[in-house]
Amino acid sequence: MVVNPNNWHWVDKNCIDWAREYFKSKLVQLNTGEHDGKYAEIKSILSIEGDCEVNQRKGKVISLFDLKIAMLIGGHVNKDEFEGSIVVPEVAFDSNIDDYQFEISIYKETSKLNEVKPVIREYLLSQLRSIFHQFGKDLLFEHGNDIQVPEEQVQSQYTKANQQNSFADVSSTTGSKKTATTVNKSIPVKDISSSKAVVKTLDNKDIPIVNTGGANTVTIHLEPSFNVPAVEIFNTFIDKERIMMWSRSPIREFDENKSTGSQYFMVGDRFELFNGNIESEVVESKLGSKLVLKWRLKDWRENLYSTMDMEFHESSEYHETKIQLTWSGIPVGEEDRVRANFEDYYVKPIKLTFGFGVVL
C-alpha cells in the first residue's frame, strides 16, 4: 500500500503492462460474423505503444493514457483467405467514442479481398469503439484504490471527499469489480504486478512506491509499401551493391563475412551502415517472403539489439509489396527515433533511388 499521508501527494502508477494484457484479453477473437461469404476477426495484437498511468493527488484519482494499437486481422472472402491489420493511431484518456480513427489494411490486396472492408467497418469497428471507450473506466476501477491510503485512515476532510467522489464516479460507470474485469475474458492478475507507483512530494521529488521491474523494451509495427515485386524489395535489403546505393555510404563487414564472398548478405552475416551508426546481423532469410535482422544504434547500451521481423506481401493485381514489419526489443523512449530513422534512412532513400514508390 502507498505511504502517502491523507492521500495528499501526487502518485503515478505505470499501467502499460496491464493495458497490454487488457486489450489482448478484450480484442483477440472479436469478429464480424459471416456476411455473404465475408468474415474477419482479430487474430492477435501486433503492438501497443504509448503511455498509460493512473495518478492521484489530494484524494482525486485520474487516468492519463495515450496509446497506439495495431492488430492483426484475418478471414476470408468466399474461398479466398486474407491477412491484414487494423491500426488505431490514438486511444486517449480524453477521446470520445466517435473520435477513434481506424486504418484498415489488407495484405496481398486485391479488389475482391477489399470487399471485406465494408463488413469490417459495419460489424467490427463498433465493437472496438465500445471497448476503447470502456478502457479508462476499467483502468481506474482496477488501479485507483491501491495508489491511495484507505479512506478510514484519511484525516483530511478535503481529500476524503475527493476520494469518495472519485470512487463514486468510477463505480457508477463500471458496476462491480467482477463486471469491470470480465466483460470478455478475465485479465491474469500476475500481469498487473509489474505496474509501479511513484509519489511526487511538494518539492517535486520522486519517491518510488512500487518498483518490481517490468519491460524495458517495446515493440512497434510498421507497414511501408513499395511499387515493386516482393523479391525486388527483399533483395534491396540484402544486396550489398544496392545497399551502398540507397544508403550512400560504404558497408563495413565483420571478419566472419570474409569466407562467403557473396553479393548478398546471408544468415549470420554482420555489417555496419552509415559510418558505423547502425549495426545489423541477418538472422533469417527466405527469398521474397521473410527477412529477420538484429539491429542496433551505435549509442545503445553494448550488446543491446532489437529485432526487425519483416514479412513481404505482394499484390500482383496492384503491383505493390507491403512489408509487415514487427520491430521488437526497442529500448523504451527510443520508439520515435527508431521509426524516424527507418523512414528517413531506409524507406525514403530506397524509393527515391530505385523509383519504388511515391515519397510523401
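The structure is a predicted model, and its count of cavities of 30 Å³ or more comes to two. The second largest cavity holds about 60 Å³ of space. Its lining consists of Phe237, Ile243, Trp246, Phe271, Leu273, Ser280, Leu293, Trp295 and Tyr346. Three elements each supply at least two residues of this lining: helix H7 (240–247), strand E11 (270–273) and strand E13 (290–297). By class, the lining of the second largest cavity has eight nonpolar residues, one polar residue and no charged residues.

**Overall composition**

The protein has eight helices and 15 strands. Of its 360 residues, 49% count as buried. Among contacts between residues at least 6 apart in sequence, 62% join residues at least 24 apart.

**The largest pocket**

The largest pocket contains about 520 Å³ of space. It is lined by 21 residues, and those closest to its centre are Leu222, Glu223, Pro224, Ser225 and Glu343. Two or more residues of the lining come from each of E4, E5, strand E8 (217–222) and H8. Helix H8 gives the largest share, six residues. The lining of the largest pocket divides into nine nonpolar, four polar and eight charged residues.

**The nonpolar cores**

The largest nonpolar core comprises 39 residues, of which Phe23, Leu27, Ile86, Leu128, Phe132 and Phe135 touch the most other members. At least two residues of this core are supplied by each of helix H1 (16–27), strand E2 (38–57), strand E3 (60–77), strand E4 (80–92), strand E5 (103–106), helix H2 (116–123) and helix H3 (125–143). Another core lies apart from it and has 38 residues, among them Phe226, Phe265, Trp295 and Leu325. Trp295 also belongs to the lining of the second largest cavity.

Which residues does Phe23 touch, not counting residues up to four places away in sequence? They are Val28, Ile45, Ile48, Leu67, Ile69, Ile131, Phe132 and Phe135.

Helix H6 is mostly covered, with seven of its nine residues buried. The buried residues of H6 are Ala230, Ile233, Phe234, Asn235, Thr236, Phe237 and Ile238. Phe237 is also one of the residues that line the second largest cavity.

In helix H7, the buried residues are Lys240, Ile243, Trp246 and Ser247. Seen down the axis of H7, these residues fall within an arc of 130 degrees, and they therefore line one face of the helix. The elements that cover them include helix H6 (230–238), strand E10 (252–253), E11 and H8.

Residues count as buried when their relative accessible area is under 20%.

| Residue | Relative accessible area | State |
|---|---|---|
| Leu125 | 9% | buried |
| Asn341 | 16% | buried |
| Glu142 | 16% | buried |

Leu125 is found in helix H3. Not counting residues up to four places away in sequence, Leu125 touches Ile86, Phe102, Ile104 and Ile120. Ile86, in turn, is one of the residues that touch the most other members of the largest nonpolar core. Leu125 and Asn31 are 94 residues apart in sequence, and their C-alpha atoms are 9.7 Å apart in space.

Glu142 also lies in helix H3. How far apart are the C-alpha atoms of Glu142 and Val54, and what separates the two residues along the chain? The C-alpha atoms are separated by 9.8 Å, while the residues are 88 residues apart along the chain.

Asn341 lies in helix H8, which covers residues 335–354. Because its relative accessibility is 16%, Asn341 counts as buried. Asn341 touches Leu297 and Tyr346, not counting residues up to four places away in sequence.

Key: Residues numbered from 1 in each chain as written. Predicted model: local features only at pLDDT ≥ 70, side-chain atom pairs only at ≥ 80, totals over all residues. Heavy atoms only, no water. 1 Å grid on protein atoms, 1.4 Å probe; cavity = no way out; pocket = protein on both sides within 12 Å on 5 of 7 lines; lining within 4 Å. Points joined across faces, edges and corners; volume = space filled by probe spheres on them. Helix = DSSP H or I, 4+ residues; strand = E, 2+ residues; numbered from the N terminus. Nonpolar A, V, L, I, M, F, W, Y, C, P; charged D, E, K, R; others polar. Core = buried A, V, L, I, M, F, W, Y, C linked by side-chain atoms within 4.5 Å. Buried < 20%, exposed > 50% of the residue type's maximum accessible area, 1.4 Å probe, protein only. Contact = heavy atoms within 4.5 Å. Arc of directions from axis to C-beta.
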